[in-house]
Amino acid sequence: KAKRARCVNAVAPGRLPLERKLDACQRLYEEVGLPMLLRITPFSEPPGLERWLEQRGMRRIDDTRVMVATRLEASAAAAPAGVTLSQVGHEAFAQIVGAMRGSSLAQRQAHGQRLVNSPVPFSAWVLKHDGEALACGQFALEHDVVGLYDVFTAAPARGRGLARLLCTHLLAEAARRGAGCAYLQVESDNHPARAVYHGLGFSDAYAYHYRTPHAGAV
């Protein structure tokens, strides 16, 4: 479901003209029945790619921020009475977060398969209150760098500080396993989430967005 898992990333100028490369990308997306997406970052190549795509009518969508924290605490505050945090398997996590998001069964199953087959190990956690799952999230740890993913709070439970509690636990657990810095990705207009992350010591590192010729890609 995540766009960054199914987009074109322009990481080098390459040898072919841009028109030929774009045509090749379009054919591939048509073969698999998905809308074409190109991810634009400050590191995209070649220079001028953004303007070139805009001139060809490709729409800009999903302005996103990559945030980074360079200081992690190895301890987290104790959970309040009735609240538990526990680690779960990949496929179980995909079902839990998918249910919170309203994802289809096929999307949940595909998510679980991606986690199982990921070359970077993920650790998935669920926060429950009196046995009911209210928030969940996971981290991917590679050497001393940890990324937070799929942090989500059930709609009826938002505004109660559960996301902050969950994230402090995830970061503390990652720090105990050797992480020294952390990153995450969040849409620029998700102000409640960004406020939580700023409070946890994250700051903006860079921005990215997508370009697409398909109105339905939004």
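1. In this predicted model, strand β1 runs parallel to strand β2 (residues 38-40), and two bridges join them. Within this pairing, Val8 has Leu38 of β2 as its bridge partner. Asn9 also has its place in strand β1, and with a relative accessibility of 37% Asn9 counts as partly exposed.

2. Nine strands form an open sheet with mixed pairing, in the order β1-β2-β9-β3-β8-β7-β6-β5-β4. Its edges are β1 and β4 (83-88), each of which pairs on one side only.

3. Strand β5 (residues 122-129) is antiparallel to β6 and is joined to β6 by eight bridges; here His129 stands opposite Glu132 of β6. On the other pairing, β6 and strand β7 (residues 145-153) are also antiparallel, over seven bridges, and Leu141 stands opposite Val146 of β7. Strand β6 (residues 132-142) is mostly covered, with eight of its 11 residues buried.

4. Both hairpins contain a residue with positive phi. The hairpin of β5 and β6 has two residues between the strands, and Asp130 there takes a positive phi near 55°. In the hairpin of β6 and β7, again with two residues between the strands, His143 takes a positive phi near 60°.

5. Asp130 and Asp150 may be considered together. Each is a residue other than glycine with a positive phi: the value is near 55° for Asp130 and near 55° for Asp150. Asp130 is found in the loop between β5 and β6 and counts as exposed, because its relative accessibility of 62% is over the 50% cut-off. Asp150 lies in strand β7 and counts as buried, because its relative accessibility of 18% is under the 20% cut-off.

6. One helix packs on this part of the sheet. Helix α3 (residues 90-101) lies across β4, β5, β6 and β7, and runs at about 125° to β6.

7. A search of the whole structure finds 12 salt bridges. One of them is formed by the side chains of Asp62 and Lys3, with an N to O distance of 3.0 Å. This pair links distant parts of the chain, since Asp62 is in strand β3 (residues 59-69) and Lys3 is in the segment before β1 (8-9), 59 residues apart. Lys3 counts as buried, with a relative accessibility of 15%.

8. A salt bridge also joins the side chains of Glu19 and Arg56, again at 3.0 Å from N to O. Distant parts of the chain are linked by this pair: Glu19 is in helix α1 (residues 18-32), Arg56 is in the loop between α2 (49-55) and β3, and 37 residues separate them. Both side chains belong to partly exposed residues, with a relative accessible area of 39% for Glu19 and a relative accessibility of 37% for Arg56.

9. The salt bridge between Arg211 and Glu50 has its closest N and O atoms 2.7 Å apart. It links distant parts of the chain, with Arg211 in strand β9 (residues 203-212) and Glu50 in helix α2, 161 residues apart. Arg211 counts as buried at 6% relative accessibility, whereas Glu50 is partly exposed, with a relative accessible area of 23%.

10. Arg211 and Glu50 also take part in a network of salt bridges, in which they are linked with Arg60, Asp63, Arg65, Arg194 and Asp204.

11. The peptide bond that joins Glu45 and Pro46 is cis, with omega about 0°. Pro46 is found in the loop between β2 and α2. The C-alpha atom of Glu45 is separated by 8.9 Å from that of Asn9, 36 residues apart along the chain.

12. Leu28 counts as partly exposed, with a relative accessibility of 48%.

Technical notes: Residues numbered from 1 in each chain as written. Predicted model: local features only at pLDDT ≥ 70, side-chain atom pairs only at ≥ 80, totals over all residues. Heavy atoms only, no water. Salt bridge = Lys/Arg side-chain N within 4 Å of Asp/Glu carboxyl O. Helix = DSSP H or I, 4+ residues; strand = E, 2+ residues; numbered from the N terminus. Buried < 20%, exposed > 50% of the residue type's maximum accessible area, 1.4 Å probe, protein only. Pairing = 2+ DSSP bridges. Contact = heavy atoms within 4.5 Å. Axes fitted to C-alpha atoms, helices over the stretch in contact; angles between N-to-C directions.
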